[in-house]
Amino acid sequence: MSLLDIERSIIEKFPRIFEGNADKVKQSKKITEALKDLIELCGDDPNRDGLQETPHRVLKAFLEYTEGYQEDPKNHLNKVFDVSHKELVLVKNIEFHSMCEHHFAPFFGVAHVGYIPNTKVTGLSKIGRMVEGYAKRFQVQETLTNQIADAVEEILQPQGTMVVIEAKHMCMCGRGIKKTSAETTTTATRGIFAERSDARLEFLTLLNR
């Protein structure tokens with residue numbers, strides 16, 4: 001595949017970004033040229049066989065990593081059902097991959113999202129899609145945790161919401177201090193979960209069963 005074909009395939013894959021936007025197309029070309037400079041700065045030849053297509057691959061990868069900017073993730077929760085349920089709903093082990101906004105290094109792990117309904121219950125898969133939408137942005141784990149909790153609160157208006165995220169950060173495991181076993185846990189609580197320790201205990205007990 002020629003470089004022109006690769007460039008065209010990127011534009012076709014991300015029509016929301018490029019369709020009818022000549023400035024974005026020009027911007028993408030500047031980025032690939034800058035990535036060639038980065039390869040050269042690091043000590044390699046951007047024109048050798050293994051690296052000729054790399055700038056375009058990197059651009060395409062970053063556009064995939066950050067697809068969450070092309071939507072409002074909380075809108076996934078708008079699909080609600082008329083179900084009479086007033087006890088905890090907990091979706092565990094929602095896998096996600098995100099990008100650290102400080103180093104553009106990956107961080108990944110699982111999100112656990114729970115809420116106690118008031119009048120609205122959403123589809124379980126919608127929670128996973130919402131998590132993915134926020135994860136596919138430049139992020140820090142603390143912000144991601146709160147964005148998920150705030151989205152559930154805003155759309156479902158439950159009695160309470162609790163989110164726990166457990167993740168590994170390559171900016172800590174693969175560079176810098178290089179502590180490969182280190183994991184980070186963050187929590188966000190709203191409503192009943194912020195007010196009552198017994199509600200938090202129920203969440204954590206179910207989480208660790």
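In this predicted model, the side chain of serine 28 reaches the backbone oxygen of valine 25 at 2.6 Å. The model is a prediction, with local features needing pLDDT of at least 70 and side-chain atom pairs counting only at pLDDT 80 or more, while totals for chains, interfaces and linings use all residues. Numbering starts from 1 along each chain as its sequence is written, and side-chain values use heavy atoms, with hydrogens and water left out.

Serine 28 sits in helix α3 (residues 22–42); helices here are DSSP runs of H or I with at least four residues, strands are runs of E with at least two, and both are numbered from the N terminus. With a relative accessible area of 7%, serine 28 is buried, and buried means under 20% relative accessible area (1.4 Å probe, protein chains only).

Histidine 169 is part of strand β6 (residues 160–169). Histidine 169 is buried too, at 13% relative accessible area. Its side chain makes a polar contact with the side chain of glutamine 141 at 2.7 Å. A polar contact is a pair of N or O atoms within 3.5 Å; within protein, one must be able to donate a hydrogen and the other to accept it, and residues adjacent in sequence count only if both atoms are side-chain atoms.

On to the rings: a search of the whole structure turns up 6 aromatic pairs, where rings of Phe, Tyr and Trp (its six-membered ring) pair if their centres lie within 6.5 Å, and planes under 30 degrees apart count as stacked, over 60 as edge-to-face and the rest as tilted. Phenylalanine 96 and phenylalanine 107 form an edge-to-face pair, 6.0 Å centre to centre with 75° between the planes.

Key. Buried < 20%, exposed > 50% of the residue type's maximum accessible area, 1.4 Å probe, protein only.
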